[in-house]
Amino acid sequence: MKKILSTFSLVIIALCTIAAQPLKVGLFYGQEFQRATITLVKGSIDVYIDQKLSVQISAGESFELSYAGSQLRLIKGANASNGDNIISLVSSDQAQFKIQPAGLKANGRLYQGNISAVKAPGRLQLINVLHLESYIPGVIEAEGGANHELEYYKVQAIISRTYAVSNLRRHEADGYNVCDATHCQVYHGMSRHEPLTNKATRETEDVVIVDQNIDLITAAFHSNCGGHTNNAEDVWSKPLSYCVGRPDTFCLVMPHSNWEKSIPTSQWLAYLEKKRYPETDTALSSALAFFPSQKQVYFVDSTFKIPTKVIRSDFKLKSSYFTVHQMGENITFIGQGFGHGVGLCQEGAIRMAQLGYSHQDIIHYYYKDVHLIPLRFRWFFKEDVY
Ligand SMILES: [Zn+2]
Ligand SMILES: [Zn+2]
């Protein structure tokens, strides 16, 4: 018992250390700039150049950070200071500030927490260092859209938290944890237009989704499944026990449930020929009139198969859930849904929340056999800890 308790204590100490570590978010991912203007809206900021306190900035003041030659530079008014390795902005009094990189559109994004300005090959790299729970509302707003129910935002909070925690090493080589673009999760600073995102984050604090082995799940989601979600293995290379295709009628009344796209029949036939599609009359008539009764993984499921996900990608279709109709000199793809269809269907989740389902109901509807647990207790549930 004593050994168990001491092991348990060590685990708790280790977990507290992990939980206390702030998240590092690489800002303006994929965009190059050498200068950025920071405007402090609230609170104050201490600026450290190569670990030495240089200047204090007050609300209403602006300054510029740049990377030119081999030096980082801070310019405030007529004063300039150079650094070799890092300029750190350390916030006090719940500071909030705008960042405007030169030549980029930032639309007045507002940030909180600390900022590290470091050198990247040929450009300035800004890293927002903040508590995980402070990062989540901004992701909910950017990924989840505006004017939705609290329970839907709670779903997005839990998914975003699960993603961030399971991808802490994704940008290890870049010197931060996650980026702020679709490569990871979209984050444009603080949530500004949707107060419910903060409430949803608070009321689900620390909660993540784990599978039957208490491992964090890959919390895949998409805009609209079109009425049936996909198995992970039908879209990606490997199965995920919790991403299993299932019917979903909730999203059928939502904005992205239907789409159409027409192309010339000659283009379609040339494409099939290139794919070595059989040129028999039967095969060709099937290719011009494809009306499966349910979602298909393959196009014309007989002797010859083209994955519908490949057709989706080649013709930039909104989903791989479609029928093919010939109309005059064109063929028309008539489709349902938007996105890869794996995991949680956002518009289905939005509809479920409107109908009064809880965030737990919604998560269990789209992810099979999962559990919601506080991250800090995750190791407590894992038998192999002892
Ligand atoms: Zn990324
Ligand atoms: Zn759906």
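So, is histidine 171 buried or exposed? Histidine 171 is buried, with a relative accessible area of 2%. Buried means under 20%, exposed over 50%, and partly exposed in between, using a 1.4 Å probe and protein chains only.

Quick housekeeping. This is a predicted model, where local features need pLDDT of at least 70, side-chain atom pairs count only at pLDDT 80 or more, and totals for chains, interfaces and linings use all residues. Residues are numbered from 1 along each chain as its sequence is written, chains are lettered from A and ligands numbered from 1 in the order written, and side-chain values use heavy atoms, without hydrogens and water.

His171 (NE2), Cys179 (SG), His183 (ND1) and Cys184 (SG) coordinate the zinc ion (ligand 1) at 2.0 to 2.3 Å. Donors here are N, O and S atoms within 2.8 Å of the metal (3.2 Å for Na, K and Ca), and with water not among the atoms, sites may look incomplete. Histidine 171 sits in the loop between helix 3 (150-166) and strand 11 (178-179), and histidine 183 in the loop between strand 11 and helix 4 (196-203), so the pair ties together parts 12 residues apart in sequence. Helices (H or I, at least four residues) and strands (E, at least two) are DSSP runs, numbered from the N terminus. Histidine 183 is partly exposed, at 32%.

On to the zinc ion (ligand 2): its donors are Cys225 (SG), Asp248 (OD), Cys251 (SG) and Cys345 (SG), at 2.0 to 2.3 Å. Cysteine 225 and cysteine 345 are 120 residues apart, linking distant parts of the chain. Both are buried.
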